[in-house]
Amino acid sequence: MKKSSFAALILGTIGIVFFALGMCMCMLPEWDLFRQGIVCGVIGLAVLLITLLVWRKMEGKAPVRISAKTLGSAAVGVLGALLLGVGMCMVMVFSRMVLGIVIGLIGIVVLLMLIPLTRGIHD
């Protein structure tokens, strides 16, 4: 295993744990830690961003360039994840099985659109 991959593994794990813990703190009313959960989640996101920067630097890759394609890909990813999450919530929380499955499937299709959007379609 290369040093860059190991560093990304460790930092990524730390970032994901902070982010997931923050989400749990926000979403579980029994814990009553909404504000602390937001802080914890933001710390997790910051560590994940640092992980990306450190890994790219260790691999000798150029920094990520912000372009219209990058922003569009991010927007499609966020939209797909939100649709999938709304569909799951409708099925699991609001007992709207059919509508939740339809919205979740639409979210999956939107997420699948990321592959040709970012990689393109080649022969």
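**Helices, loops and cysteines in a predicted model**

Ser95 has a relative accessible area of 63% and is therefore classed as exposed; the classes are buried for under 20% relative accessible area, exposed for over 50% and partly exposed in between, with a 1.4 Å probe and protein chains only. The structure is a predicted model, in which local features need pLDDT of at least 70 and side-chain atom pairs count only at pLDDT 80 or more, while totals for chains, interfaces and linings use all residues. Residues are numbered from 1 along each chain as its sequence is written, and side-chain values use heavy atoms, with hydrogens and water left out.

Ser95 sits in the loop that joins helix 3 (68–92) to helix 4 (97–112). Its phi is near 55 degrees, a positive value in a residue other than glycine. A second case is Asp32, again not a glycine, with a positive phi of about 50 degrees. Asp32 is placed in the loop between helix 1 (3–27) and helix 2, and it is exposed at 65% relative accessibility.

Turning to the whole fold, the protein chain contains 5 helices and 0 strands, where helices (H or I, at least four residues) and strands (E, at least two) are DSSP runs numbered from the N terminus. Along the sequence the pattern reads α-α-α-α-α. The radius of gyration of the protein chain is 18 Å, well over the 14 Å that the globule rule gives for 123 residues, so the chain is more spread out than a compact globule. That radius is taken over C-alpha atoms, and the globule rule is 2.2 Å times the number of residues to the power 0.38. Taken along the principal axes, the C-alpha atoms fill a box of roughly 50 × 45 × 30 Å.

Buried residues account for 20% of the 123 residues. Of the contacts in the chain with a separation of 6 or more, 51% join residues 24 or more positions apart; a contact means heavy atoms within 4.5 Å. The accessible surface of the chain comes to about 9300 Å², and 76% of it belongs to carbon and sulfur atoms. These areas come from the Shrake-Rupley method with a 1.4 Å probe, and for residues only the protein chains shown count as cover. As for charge, there are 10 positive and 4 negative side chains, and the centres of the two sets lie 13 Å apart. Lys and Arg count as positive and Asp and Glu as negative, with His and the chain ends not counted; the place of a charge is taken as NZ of Lys, CZ of Arg, CG of Asp or CD of Glu.

The cysteines deserve a look of their own. A disulfide is a covalent bond between the sulfur atoms of two cysteines. Here it is counted as a pair of cysteine sulfur atoms within 2.5 Å, and the count comes to 0 disulfides. Cys40 has its closest cysteine sulfur in Cys26, 8.7 Å away, which is too far for a bond. Cys40 is also buried, with a relative accessible area of 9%. Cys89 is in no disulfide either, and the nearest cysteine sulfur, that of Cys24, is 14 Å away. With a relative accessible area of 38%, Cys89 is partly exposed.

Leu21 belongs to helix 1 and is partly exposed at a relative accessible area of 40%. Its C-alpha is 11 Å from that of Val42, a residue 21 positions apart from it in sequence.

Thr51, in helix 2 (residues 34–59), counts as buried at 8% relative accessibility. With residues up to four places away in sequence not counted, Thr51 touches Ala8, Leu11 and Gly12. The C-alpha atoms of Thr51 and Ala74 are separated by 18 Å, the two residues being 23 residues apart along the chain.
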